Amino acid sequence: MIHLVHLFKSPYLQHKREKASELHTDDHKSSIFEMGLATQEAINQFKALMDQVDEPLRRTFKNVHQGYTVETLERFLKAREGNVSKAHKMLVDCLQWRLQNGIDDILAKPIIPANFYRGVRDSQLIGLSGYTREGLPVFAIGAGLSTFDKASIHYYLQSHIQINEYRDRVILRGATKRNGRYIGKCVKVLDMSGLKLSALNQIKLLTTISTVDDLNYPEKTITYYIVNVPYIFSACWKVVKPLLQERTKLKVRVLQGGGRDELLKIMDYSSLPHFCRRDGSGSGSGSGSGSGPGYSSDDCYSLDHPFHQELYSYMKQLAGINEPTVPAKQGSIHVEVPHEGEELHRTLESELMKLRTRKSLSGSLEKVKISD
């Protein structure tokens, strides 16, 4: 559901930015984006601007680019349609956000105790199921079955950012080293099984997480594969799709059923998310070969899955927690979120009102309320 919010989000905020840019002709002059790729001139301009930032921003920038400065600048340029001044502002705002919220140290702050963290994992369904044949990490998202009802919004946001940081600092770095070439993006497979309109009651949390991703982790996903689509998603998608930018629409692929046959074109069976293994021939209980980065058919959402075990052990090691002997439960980390999330919240309320007028959905939507 979080990633459905991502798809809702782009057109409205981008439209607002475009309207504002019409008033500033200088911004148009710095928009030098060709065929979706940043020109060398744009990169040089961007690098020159970043060379002027203060030392604290430079330090946190190292955790963002991980030694791949140009590729990182290209991501932020792409997120701002090649406009150098806007991309620079976006990146500086991101670095300031990291400093203000202690993001560089967030992996040293595991959510404890483990049984409480298990509840977070059981209600915020995400996991790494394996890698594509090109070496891109495959993240599985339980968009329909995530309930977000075991902890406060702050814990879910903390956990989401920790997974983002672990992906960028550990998973993608490892993939780059294994493949001998830069890998800075992932593939996401969104399972819409169990999606109900009541999930929209969590819209405040979903827009918060979406805003953090859009502003601070742009262009990290190359393709969103959407599987096990129920009618309610189809209805929402028909409303949303015409509003999206072409670049965004090109990233989204809605597959039939569990998407097994289509996904097997880009990854081995051992890397398929567990919820995709029911389609076609073959047993859903099969496992990988036991070698390489692919995982077995175990539920990749579970805290017991190798990905989450490695992530949790990594965080405990950074925190200096060697033995999980009933540690005191720490408070969640409060992360400030820019106001764009509030704007999206209001926009989605408006879209829900439009959906309520549709006869086929009117009865189901009457009881849906947007909660804070």
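Me: With the side chain of which aspartate does the side chain of threonine 60 make a polar contact?
Reply: This is a predicted model, and threonine 60 lies within its helix 4, which covers residues 55-65. Beyond residues up to four places away in sequence, threonine 60 touches Leu95, Arg98, Leu99 and Asp104. The polar contact with an aspartate side chain has a length of 2.9 Å, and the partner is aspartate 104.

Me: What distance does the polar contact between the side chains of threonine 60 and arginine 98 have?
Reply: Arginine 98 is among the buried residues of helix 6, and it is also one of the residues that threonine 60 touches. The side chains of threonine 60 and arginine 98 are joined by a polar contact of 3.0 Å.

Me: Is threonine 60 buried or exposed?
Reply: A residue counts as buried when its relative accessible area is under 20%. Because the relative accessible area of threonine 60 is 0%, this residue is buried.

Me: From a polar atom of which arginine side chain does the backbone oxygen of aspartate 104 lie 3.2 Å?
Reply: The residue in question lies in helix 8, residues 153-179, and is buried, with a relative accessible area of 13%. Leaving aside neighbours within four places in sequence, its contacts are Asn63, Gln66, Arg98, Ile103, Asp104 and Leu107. The side chain that comes to 3.2 Å from the backbone oxygen of aspartate 104 belongs to arginine 169.

Me: With which glutamate does the side chain of arginine 169 make a polar contact?
Reply: Arginine 169 is a residue of helix 8. The contact joins two side chains at 2.8 Å, and the partner of arginine 169 is glutamate 165.

Me: How many Å does helix 6 reach from its first C-alpha to its last?
Reply: Helix 6 spans residues 84-101 and has 18 residues. At 1.5 Å a residue, a reach of 26 Å is expected, and the value found in the model is close to this, at 26 Å.

Me: Which residue with a positive phi follows helix 6?
Reply: Helix 6 has buried residues that include Val84, Trp97 and Asn101, and what covers its buried residues includes helix 3, helix 4, helix 5, helix 8 and helix 9. The residue that follows helix 6 has a phi near 65°, and this residue is glycine 102.

Me: How many disulfides does a search of the whole structure find?
Reply: Cysteine 276 is in no disulfide, and the nearest cysteine sulfur, that of cysteine 300, is 9.1 Å away. Cysteine 276 is buried, with a relative accessible area of 0%, and cysteine 186 is buried too, with a relative accessible area of 0%. Over the whole structure, the number of disulfides found is 0.

Me: How far apart in space are serine 302 and serine 123, C-alpha to C-alpha?
Reply: Serine 302 is located in the loop between helix 12 and helix 13, and it counts as buried because its relative accessibility is 17%. Serine 302 touches Arg118 and His308, with residues up to four places away in sequence not counted. Serine 302 and serine 123 are 179 residues apart in sequence, and their C-alpha distance in space is 10.0 Å.

Me: What average pLDDT does the protein chain have?
Reply: Over residues 11-36 the pLDDT stays under 50, and the model has 37 contacts beyond four places in sequence for them. Residues 323-329 also have a pLDDT below 50, with 8 contacts beyond near neighbours in sequence. Of the residues, 69% score at least 70, and the average pLDDT of the protein chain is 80.

Methods. Residues are numbered from 1 along each chain as its sequence is written. Side-chain values use heavy atoms; hydrogens and water are left out. Helices (H or I, at least four residues) and strands (E, at least two) are DSSP runs, numbered from the N terminus. Buried means under 20% relative accessible area, exposed over 50%, partly exposed in between (1.4 Å probe, protein chains only). A polar contact is a pair of N or O atoms within 3.5 Å; within protein, one must be able to donate a hydrogen and the other to accept it, and residues adjacent in sequence count only if both atoms are side-chain atoms. Contact means heavy atoms within 4.5 Å. pLDDT is the predictor's confidence in each residue, from 0 to 100. A disulfide is a pair of cysteine sulfur atoms within 2.5 Å. The expected span of a helix is 1.5 Å times one less than its number of residues.
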